[in-house]
Amino acid sequence: MACLLETPIRMSVLSEVTASSRHYVDRLFDPDPQKVLQGVIDMKNAVIGNNKQKANLIVLGAVPRLLYLLQQETSSTELKTECAVVLGSLAMGTENNVKSLLDCHIIPALLQGLLSPDLKFIEACLRCLRTIFTSPVTPEELLYTGPDHQTILFNHGAVQNIAHLLTSVSYKVRMQALKCFSVLAFENPQVSMTLVNVLVDGELLPQIFVKMLQRDKPIEMQLTSAKCLTYMCRAGAIRTDDNCIVLKTLPCLVRMCSKERLLEERVEGAETLAYLIEPDVELQRIASITDHLIAMLADYFKYPSSVSAITDIKRLDHDLKHAHELRQAAFKLYASLGANDEDIRKKIIETENMMDRIVTGLSESSVKVRLAAVRCLHSLSRSVQQLRTSFQDHAVWKPLMKVLQNAPDEILVVASSMLCNLLLEFSPSKEPILESGAVELLCGLTQSENPALRVNGIWALMNMAFQAEQKIKADILRSLSTEQLFRLLSDSDLNVLMKTLGLLRNLLSTRPHIDKIMSTHGKQIMQAVTLILEGEHNIEVKEQTLCILANIADGTTAKELIMTNDDILQKIKYYMLAAMFCISNLIWNEEEGSQERQDKLRDMGIVDILHKLSQSPDSNLCDKAKMALQQYLA
């Protein structure tokens with residue numbers, strides 16, 4: 001009988017717990033505000049250290065009601081504060097609790113709470129936010145990094161309200177204000193343009209930031225100030241040749257890369273410097289000769305010096321984590337340094353064991369390190385000299401092809417961009433890449449949903465087809481298929497379309513190749529050409545298409561496909577007539593400046609072309625050419 005009584009006893013206890021939880025939730029809906037406040041306070045006391053109670057309240061719908069009360073203008077500040085405290089307590093439970101809070105859109109509500117004038121309420125919101133963002137289930141990008149969040153803060157006067165905190169007597173307050181400016185300015189031109197004109201006690205913000213990155217200031221302050229100036233520069237609010245960037249920010253970030261700095265500081269310094277100099281050649285050159293930076297970065301690969309000597313497991317985990325971060329940061333900075341200058345690329349590659357380190361980086365367990373290594377190689381692959389020497393000596397194409405077999409899209413995009421460079425006609429890697437099955441791989445990329453991968457796939461095929469043997473061209477056409485070719489010619493991405501036309505031009509070069517390809521694919525290619533010429537495309541697209549027709553016309557037998565296609569002939573005639581109208585308008589004698597225009601076009605050989613066209617059997621074209629010539633004789 002005892003066994004039979006167990007079930008009703010458990011059900012009874014569960015019912016009591018559920019009833020108790022329900023009672024707390026019901027009180028949140030009481031019409032008396034004072035009773036609601038007391039109910040929230042009682043709920044706060046009930047959930048402290050009680051994960052089961054927290055879970056029950058979440059299941060019973062307490063969170064949406066608490067968030068509603070927290071955001072209501074009619075709610076007292078005390079009630080809002082208690083609601084934030086309870087939500088923070090719920091967030092301290094399980095990861096599922098945090099997921100439930102995120103699903104109820106708690107972040108925007110708490111961020112809005114930070115605009116309150118009441119410090120206790122702000123503190124409660126901040127504590128709850130901190131608890132949520134320290135949870136591994138919370139995506140980091142939810143906080144400030146998105147343009148929407150930056151705009152919300154900006155529109156609510158965050159810049160003006162935070163600026164005066166930079167002069168606070170409290171170091172912690174100054175630092176938090178500085179950090180806030182760094183996240184507000186990141187990739188945000190609107191905020192950055194505002195920041196350069198903000199005055200604090202008669203001093204512009206950039207001037208304050210410069211003072212904060214001086215050597216006598218704490219390293220944390222130097223780094224964060226450098227970040228602010230870097231982000232404002234990248235957003236276009238500060239010129240790249242401004243003294244505050246060239247003489248202050250850049251040297252500060254280089255200092256952060258030195259051996260004397262902590263590992264975290266070296267990582268942050270290198271990554272911020274990489275971001276600062278990425279688009280600017282002159283900054284890259286200045287950075288490369290500052291404090292032996294290129295050699296200094298080589299030390300990033302020497303950590304930890306001996307894993308076997310580390311017996312403390314926690315320290316081992318810490319050191320291995322930072323070893324990954326250091327390598328990632330070094331690769332990123334090398335990639336930015338070598339983006340444009342041949343001499344800098346040479347110095348990077350000549351740094352001790354650098355190519356071996358980059359190649360090893362392609363197979364790292366960390367996705368971030370692999371991505372940074374590929375970016376570094378891509379930057380260095382822009383050098384013709386290095387493609388012919390170092391890249392060949394280290395057979396870089398082998399690990400690259402391995403990366404391309406199975407990698408996340410972000411790595412595939414960079415790796416396939418690099419492959420485009422390795423497939424240029426002067427690259428010694430071109431032949432072995434072709435033999436390793438690159439055609440099928442690249443044709444597969446052209447079918448990706450990612451436009452960047454489609455562009456790179458077709459771009460690499462275009463490079464592959466340039467001055468290639470007939471067999472390679474046939475392999476490309478067979479693997480790509482005419483159906484896919486038509487899809488690419490109808491692609492919404494202009495870059496995909498232009499590279500596809502470039503591929504066709506390269507395929508249809510060399511007279512025997514033209515005739516061979518047109519004998520097997522002529523009908524489909526002529527359909528594609530017609531499709532483009534009849535479509536609503538810009539002048540560059542039409543020009544590429546006419547160049548393809550010119551190549552076809554160079555074939556011995558292929559030219560008949562044009563001559564027997566009246567639609568194509570009419571379109572050629574149309575473009576010639578359009579050109580005649582254009583020439584006539586440019587050289588019309590009665591308009592000012594006509595003589596200068598006539599002289600320039602004569603120097604370009606236009607008059608000779610007009611004389612030839614004036615002998616055309618097509619009366620319309622002949623008449624237009626003669627009319628244009630008359631302007632020269634008038």
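**Salt bridges, cores and a pocket**

Tutor: A search of the whole structure finds 26 salt bridges, a salt bridge being a side-chain nitrogen of Lys or Arg within 4 Å of a carboxyl oxygen of Asp or Glu. This is a predicted model, in which local features need pLDDT of at least 70 and side-chain atom pairs count only at pLDDT 80 or more, while totals for chains, interfaces and linings use all residues. Residues are numbered from 1 along each chain as its sequence is written, and side-chain values use heavy atoms, with hydrogens and water left out.

Student: Which residue forms a salt bridge with Arg327, and how far apart are the closest N and O atoms?

Tutor: The partner is Glu364, with the closest N and O atoms 2.5 Å apart. Arg327 lies in helix α19 (residues 313–337) and Glu364 in the loop between α21 (354–361) and α22 (367–380), so the pair ties together parts that are 37 residues apart in sequence. Helices here are DSSP runs of H or I with at least four residues, numbered from the N terminus.

Student: Are Arg327 and Glu364 buried or exposed?

Tutor: Buried means under 20% relative accessible area, exposed over 50%, and partly exposed in between (1.4 Å probe, protein chains only). Both Arg327 and Glu364 are buried. In another pair, Asp216 and Lys217 meet at 3.7 Å, N to O; Asp216 is exposed at 62%, and Lys217 is partly exposed at 28%.

Student: Which residues touch the most other members of the largest nonpolar core?

Tutor: In soluble globular proteins, nonpolar side chains tend to be buried together. A nonpolar core is a set of buried Ala, Val, Leu, Ile, Met, Phe, Trp, Tyr and Cys residues joined through side-chain atoms within 4.5 Å. The largest one has 150 residues, and Phe181 and Leu337 touch the most other members. Apart from it lies another core, of 40 residues, including Leu66 and Cys128.

Student: What lines the second largest pocket, by class?

Tutor: On a 1 Å grid over the protein atoms alone, a pocket is an open set of points where a 1.4 Å probe fits, with protein on both sides within 12 Å along at least five of seven lines; lining residues have an atom within 4 Å of a point. The lining of the second largest pocket has 11 nonpolar, no polar and no charged residues. Its largest share, seven residues, comes from α36. Among the lining residues are Tyr575, Met576, Ile609 and Leu613.

Technical notes
Helix = DSSP H or I, 4+ residues; strand = E, 2+ residues; numbered from the N terminus. Nonpolar A, V, L, I, M, F, W, Y, C, P; charged D, E, K, R; others polar.
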